[in-house]
Amino acid sequence: MQTLCVSGDKLWRFDAHTFFGSRLSFPATHLSFWPSRRRSPVVSMVVKRSPKRLKYTTASRFTKEDGLVCIEVEPSASDSWKLEPIVNLLKQGAVGVIPTDTLYAIVCDLRSHSAIERLRRIKNIEASKPLSILCHSFRDIDKYTAGFPRGDGQGHANLFKAVKHHLPGPYTFILIASKELPKQCIRFGTSSAKYASRKNVGVRMPDDAICQAILKEMDAPLICTSIKFQKEDEWMIDPVIIADTYGPEGLDFVVDGGVRVADPSTVVDMTKMPPKVLRQGKGPILHWMEFEDDQRTEIDNDLIPAGI
């Protein structure tokens, strides 16, 4: 059994033989549970961690007995070493919250079916609603989707050249999913005709230092969904409030990168030509995008993934 001593806003030095399933030794840290700048009071406490706290089956199903792991990281990710236990948790099936260049997102490892199921349950996302993926590079996008249109010499534009100048950035591009993407990420479990031929996924490459630091250490993209108040159609931008609201629903961790602005990504459907803007957000509408908000159909609205 190990002890973490929290005094004020600091988590003091300790040696961990086993920490979240990996062998780690932390130096004297500024890993804070909720710093004094927050509206919530900071209370000195002793948190006992046991090797039995997190249990994993051979199928890497994640279960949690108590507590919510909360880590504060500078927006610049200059202290990105703090994220190592978060990466380990994600690889072992955890579901948690991280910042992006738009909003906070609930995320999990794309390869963990049980984690995806828990993410849907935490957010109450219906099975027919597509999810988005957070990618570190274009290599990830090419592996899990059919990629961006690259032109065919017959008048169709090479949109890959246009897109690459705006990624990383605040856009969600809807692309055709490849066979590498788990079925849980796209439409399934529905017999509706309007879904029958659609196997699309929203793709994000956030321009956020903390998010990119996590993605860099993962072996695959992260599944993600945005966070709203449970009874109101408003974005949640304060990680303290997110932890208070969704922690009891089953979250395993929250990475605090500061309060964000309530400005979601611009969603663009790249499965049709010209690309159609389904939701205007933080990303500017570019000259090669079509935006006709008053002509958007119910199917167009439903194409918008449960993303960020």
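Guide: A disulfide is a pair of cysteine sulfur atoms within 2.5 Å. A search of the whole structure by that rule finds 0 disulfides. This is a predicted model, in which local features need pLDDT of at least 70, side-chain atom pairs count only at pLDDT 80 or more, and totals for chains, interfaces and linings use all residues. Residues are numbered from 1 along each chain as its sequence is written, and side-chain values use heavy atoms, with hydrogens and water left out.

Visitor: What makes Cys108 buried or exposed?

Guide: Buried means under 20% relative accessible area, exposed means over 50%, and partly exposed lies in between (1.4 Å probe, protein chains only). Cys108 has 0% relative accessibility, so Cys108 counts as buried. Cys70, at 4%, is buried as well.

Visitor: Why is the contact of Lys82 with Asp79 called a salt bridge?

Guide: A salt bridge needs a side-chain nitrogen of Lys or Arg within 4 Å of a carboxyl oxygen of Asp or Glu. The closest N and O atoms of Lys82 and Asp79 are 3.0 Å apart, so the pair meets the rule. Lys82 is buried, with a relative accessible area of 4%. Asp79 is buried too, at 10%.

Visitor: How many salt bridges does this rule give?

Guide: The count comes to 8. Another of them joins Lys228 and Asp233, at 2.4 Å from N to O. Lys228 has a relative accessible area of 24%, so the label is partly exposed. Asp233 reaches 65% and counts as exposed.

Visitor: How do you know that Asp219 and Arg111 form a salt bridge?

Guide: Their closest N and O atoms are 4.0 Å apart, and the rule asks for within 4 Å, so the pair is counted. Asp219 lies in the loop between α5 (209-217) and β14 (222-226), and Arg111 in the loop between β10 (104-109) and α2 (113-123), so the pair ties together parts that are 108 residues apart in sequence. Helices (H or I, at least four residues) and strands (E, at least two) are DSSP runs, numbered from the N terminus. Asp219 is exposed at 56%, while Arg111 is partly exposed at 41%. Asp109, Arg111 and Asp219 are linked in a network of salt bridges.
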